[in-house]
Amino acid sequence: MAETEQITVADTSAGPGGSEEAGRSVDIPVVELLTGRGFITGKSGSGKSNTASVVAEKLLDNGFGLLIVDIDGEYYGLKEEYEILHVGGDEECDIQVTEEHAGKIASLALEQNVPIILDVSSFLDEEEAEALLTAVARQLFAKAKKQKQPFLMLVEECHEWIPEKGSMGEVGKMLIKIGKRGRKHGLGIVGISQRPADVKKDYITQCDWLVWHRLTWNNDTKVVGRILDSEYENAVEDLDDGEAFMMTDWSESVRRVQFHRKQTFDAGATPGLDDFERPELKSVSDDLVSELETISEEEQAREDRIAELREELDRKNSRIAELEKELQDARDLERMAEQFTDALVGHVEGYNPGRTAKEEMRRDRFAEPEDDGSSGNGSGDDAAERESADGGDEGEPADATSGGGFGDAFSAFESAGAAMNGGSPDDATTDGGAATASAGSGPSASGETPDDASADDALAAAVAAVDGETGDDNGTTAEGDADEGTAGTADDGPPEQPPVVREIVADVAAMDDKTRRMLHYYREQGPGTPLNAHFSAGGSGDRTAAYARNRTLRLRGLVEHVGRGQYDYRLRDLLREESDETLDDETVETYAARVEAAVVDGQSPD
């Protein structure tokens, strides 16, 4: 194709700003049209869309490629004479397309020279239309750099994409990019608008050719005066339909011209009272449509697969939730079984190495204060009562098969279950409660503690730390009692903490030392992995052991997963949850501080 090849689109006309020789043909060089920047404007009904259609028809007559961005659905009339692919968002188009089709649309246009109408008016969702147009423009620009083939992109109502005021979206940025850099790659652009005052002036002033049809609004005519000359500012208001002032870089003067009438069906004409009859339109090759349909089918299959995977994920998440609930129930049953076993063993052997902190609290609550002014270390009537409860006059353990044997142990088990289910230890404590209190190996009459009871004492110490206690069950130290010669009472100590605090302390104190140190690591270091926490707690770094201990903390609600395999400390959230969100922040901090001082801050409970 030679650069001298031209298309005829109009004739000169008489009138202000017109040529002395009216009726002469007006030609546009094809290369300048295909690779340059153009602007066509005029008020509604002045002929701007007709001019754009005439340009399109002339290019199609000569086999040149173009893509029309149709915002009002008025260019499908070209299919009356031309095999042009009409794509968009409804069934009126040859095929419905989405953003995923952008690459194939650009490929058909540039590589196979298929003329295309991109009908964005058929999309109900504006964001979907903008995404498609942006993707197509980007693909055209990318492929034009390699193809180096002259090609025109004609954009209707361009003021919506490249506005003079307000922010410009991705579509406008891409169109401006084509306007500034497309020429060197052979990609041209023509913007069409009925409101030149609303179009970005940076685009208008860079155009190679401009067509000004009739304009009457003052702001629009002022734009004509600034770009052409003041003499055209008033004259543009008197132009006839289809008449325009045309200014080009290849002509030395502004010409007044009358554009030819389009030959195809005018789908953009204002409907009248006459019967409307749509002409028979040409269809495109089935092969072109099938290529796009393949993309649609693949996209639908992908969406269906995504939907299936989401459903499967939902099912698995539900199953995980069920398993976690079952695991928690099993853990509760295990704890109850351990308490039952410990109660039996303690009653038979006279010592309870696995006594829980809750049992310690129950024993403390029902301990009788000394009335004889002694130190309370197992002497006097209190010691005699414990001796009697432990097995009779001789101070030996009672037979598990008689009197208060297994019956007392079962009562202890019921008491432990009531405490776990939120009940008051008072409700579950009967004669068996007293048996449970006496079944342990507490301090002996001589004040010595058996070595085997270290775990039991650790739990009691943790509970005592929460209540601020520093000595025996009555809230006074044995040493203090000895010095003063008087027995303390329960009223001497601080008020009893609510069950939620005691339960958390009891549960943490019952954990092994490394697990507690892992909790201390999370509190001090923030989010971390179970392996790092386990190593910091003195563990060997064994993955199985680390995650087993971490699971204990997680199931109790003391830590939570925060992403990327890391867990974080959540004692304060746990306090709020288990108190039914009734605690204020100050109270939560107070209770958290007591729990941490007892069992978290690196202090061994014993």
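A salt bridge is a side-chain nitrogen of Lys or Arg within 4 Å of a carboxyl oxygen of Asp or Glu. By this rule, the count comes to 30 salt bridges. The structure is a predicted model, in which local features need pLDDT of at least 70 and side-chain atom pairs count only at pLDDT 80 or more, while totals for chains, interfaces and linings use all residues. Residues are numbered from 1 along each chain as its sequence is written, and side-chain values use heavy atoms, with hydrogens and water left out.

**Terms for elements and exposure**

- Helices (H or I, at least four residues) and strands (E, at least two) are DSSP runs, numbered from the N terminus.
- Buried means under 20% relative accessible area, exposed means over 50%, and partly exposed lies in between (1.4 Å probe, protein chains only).

**Salt bridges**

- Glu589 forms a salt bridge with Arg572, and the closest N and O atoms are 2.8 Å apart. This pair links distant parts of the chain, with Glu589 in helix 22 (residues 585-600) and Arg572 in helix 21, 17 residues apart.
- Glu589 counts as partly exposed at 40% relative accessibility, and Arg572 counts as partly exposed at 22%.
- Glu589 and Arg572 also belong to a network of salt bridges that links Arg523, Glu524, Arg572, Glu589 and Glu596.
- Arg305 and Glu308 meet through their side chains in a salt bridge (3.4 Å, N to O). They are separated by about one helical turn because they are three residues apart in helix 9 (residues 286-349).
- Arg305 is partly exposed, with a relative accessible area of 46%, and Glu308 counts as partly exposed at 44% relative accessibility.
- Asp513 and Arg516 form a salt bridge between their side chains (3.3 Å, N to O). These two are three residues apart in helix 18 (residues 513-525), so about one helical turn separates them.
- Asp513 counts as partly exposed at 32% relative accessibility, whereas Arg516 is buried, with a relative accessible area of 9%.
- An α-helix has 3.6 residues a turn, so residues three or four places apart point the same way.

**Helix 21**

- The buried residues of helix 21 (residues 571-578) are Leu571, Leu574 and Leu575. They cover an arc of only 100 degrees around the axis, which puts them on the same side of helix 21.
- The arc is that of the directions from the helix axis to the C-beta atoms.
- Asp580 follows helix 21 and has a positive phi, near 55 degrees.

**Charged surface patches**

- Patches are made of residues with over 30% relative accessible area and no salt bridge, with like charges joined within 9 Å. Lys and Arg count as positive and Asp and Glu as negative, while His and the chain ends are not counted.
- A positive surface patch is formed by Arg138, Lys145, Lys146, Lys148, Lys177, Arg181 and Lys184. Helix 4 (126-147) and helix 5 (170-181) are the elements that give two or more residues to the positive patch.
- Helix 4 gives the most to the positive patch, with three residues.
- Lys184 lies in the loop between helix 5 and strand 9 (187-193), and Lys184 is exposed, with a relative accessible area of 61%.
- A negative surface patch has eleven-residue membership that includes Asp72, Glu99, Glu100, Glu160, Glu303 and Asp304. Helix 4 and helix 9 are the elements that give two or more residues to the negative patch.- Helix 4 gives the most to the negative patch, with four residues.
- Glu126 lies in helix 4 and is exposed, with a relative accessible area of 61%.

**Loop residues with positive phi**

- Asn113 is not a glycine, yet its phi is positive, about 55 degrees. Asn113 lies in the loop between helix 3 (102-111) and strand 7 (116-119), and Asn113 counts as partly exposed at 31% relative accessibility.
- Arg564 has a positive phi of about 55 degrees although it is not a glycine. Arg564 lies in the loop between strand 13 (559-563) and strand 14 (566-569), and Arg564 counts as exposed at 85% relative accessibility.

**Strand 1**

- Thr12 is found in strand 1 (residues 6-12), and Thr12 is buried, with a relative accessible area of 9%.
- Thr12 and Val26 are 14 residues apart along the chain, and their C-alpha atoms are separated by 6.7 Å.

Note on methods:
Patches are made of residues with over 30% relative accessible area and no salt bridge: like charges are joined within 9 Å, nonpolar side chains (Val, Leu, Ile, Met, Phe, Trp, Tyr) within 5 Å. Accessible areas come from the Shrake-Rupley method with a 1.4 Å probe; for residues, only the protein chains shown count as cover. The place of a charge is taken as NZ of Lys, CZ of Arg, CG of Asp or CD of Glu.
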